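Welcome! Please take a look at the sequence and the 3D structure below, and then we will walk through a few parts together.

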Amino acid sequence: MKKTTLAIGIFAVLGVAYVGTAWHTGNMIENNIDNELVQITNKINQTQNDFTFNIIKSNYGKNIFSTKLHLTITASLQNATGDDAQPKTLFSDDVTIHHGPFPIAALAKGSFAPKMAWLEYEMSEQTNPTLWKLAGNQPFITGHAGISYGEYITVKLASKAIKVTQNEVPFFPRIDSALELGEGKYTFGSYTTGSDISTKIEIDKILLTYPASFNSKPVSVVINKFVMDEKNVLNDVTNTVDGSFSSSVDSIIYGQQNLGYGSIDIDFKGLDKHLFTNQLGIGYPDSDDTEQKHYINFSLNKLNWHNPAGDINLNLFFSMSDIDSTAIDEADYDKIDSLKLKLEAPFDVLAYTSAQIENPNSNTVTPEQIAKANQNLQMMSAFFISSSQYFTSSNGKTKGIYSDISLTKDSDEVNVNGKKVTKEEFFEQL
């Protein structure tokens, strides 16, 4: 009897503690949500100069284990007049935020780490009737977002397969144009400050059908199993970004031709954060220390394309020290610690792809078509290769476009395709 009473008492205490923690978390969300929405809005507006975005919450209702509200996101074109200046609604829907520390909705998704908040979303028919219909009268986008007590946000979205034609999108150039998207998975992560950003995208299929010329039959381009994975970590001391980028496709089909498959893999350290702010739209915060010297390390670990004739490969490694700006000029050449470049692009592989593109309505190419494409490529590249010291037309075994360059800081010479040239001569021809 005493053991039963003790057990009941323990569960009662845990229950009260959980309810209290959930209620406290709800208060934290309520007290901070306005400030968080302002920060998110400012962050979006700082990353581009074309639109002004606004996020508005309404119908806010807090319960013990969840909070319900309505979110509206609008965008207006900057420096516009008349109707173009009127805000356009991009999103307007009800949202439910489940309170931590262990939201039941998160546990149901197999996420057991403590979280301050968990949000689940399904696009409604009212939000976008066209996408609802294209997705088979069901939500086009579903997903969830979790916020840890350390204020790290993880967003996971999934999209249904759809096919878009001129019936749904009137601005398509011709009635026989079409866009088809397979099922997609999208994962985003970041601290609320905008640092430590990660992105992963997986799309089963991307199909675009378009007329190759005005009088020709439409040609389809299909990308199967597109995957992209990117990570960026801000270094607050040097105001630089370390990260990685990789992407791959299982195949690209052009007409009836399978062009092959490929992948790219990149690592980098010490890249100036303004490169990401201006070009990638990440929008890292500015700082007063813009002259902080840092170290750059860029590695193209692999760029590969494979077809039945073989492989095209490109590798690059590049490192520099004492860099204090986004631009690199002649004065910075002596700061290069290491440079290695290797390109292997056999004409047989290039010609095979060229012949495929020229004959999209066949699923194979003939030896005669490949030979013709090979001859054309060699003629086109002859002048380009002969006028540059960086490339050669053979690796000793097969003909193609090749480059093999190696440079180190402790040597006054550069190895270029088996020959040695002075650094001065090498950089003069850049």
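Which residues of H5 are buried? They are Phe347, Val349, Ala351, Tyr352, Thr353, Ala355 and Gln356, where buried means under 20% relative accessible area, exposed over 50% and partly exposed in between, with a 1.4 Å probe and protein chains only.

## About the model

This is a predicted model, in which local features need pLDDT of at least 70 and side-chain atom pairs count only at pLDDT 80 or more, while totals for chains, interfaces and linings use all residues. Residues are numbered from 1 along each chain as its sequence is written, and side-chain values use heavy atoms, with hydrogens and water left out.

## The whole chain

The protein chain has seven helices and 20 strands. Helices (H or I, at least four residues) and strands (E, at least two) are DSSP runs, numbered from the N terminus. Of the chain's 430 residues, 36% count as buried. Among contacts (heavy atoms within 4.5 Å) with a separation of 6 or more, 52% are between residues 24 or more positions apart.

## Paired strands

Strands pair if DSSP finds at least two bridges between them. Strand E2 (residues 66-77) and strand E3 (residues 88-99) run antiparallel and are joined by ten bridges; Lys68, for example, has Thr96 in E3 as its bridge partner. E3 also runs antiparallel to strand E4 (residues 117-122), with four bridges between them. Here His99 has Ala117 in E4 as its bridge partner.

Helix H5 (residues 347-358) has twelve residues and spans 16 Å from its first C-alpha to its last, close to the 16 Å expected at 1.5 Å a residue. That expected span is 1.5 Å times one less than the number of residues.

H5 packs with helix H6 (residues 367-386) at an angle of about 115°, and their axes are 8 Å apart. Axes are lines fitted to C-alpha atoms, for helices over the stretch in contact, and angles run from 0 to 180 degrees between N-to-C directions. Residues of H5 that meet H6 include Phe347, Leu350 and Tyr352, and their counterparts in H6 include Ile370, Ala373 and Leu377.

## A closer look at Pro346

Pro346 lies in strand E16 (residues 336-346). Why does Pro346 count as buried? Because its relative accessibility is 16%. Leaving aside neighbours within four places in sequence, Pro346 is in contact with Asp311, Lys399, Gly400 and Tyr402. Pro346 and Gly400 are 54 residues apart in sequence, yet 4.0 Å apart in space, C-alpha to C-alpha.
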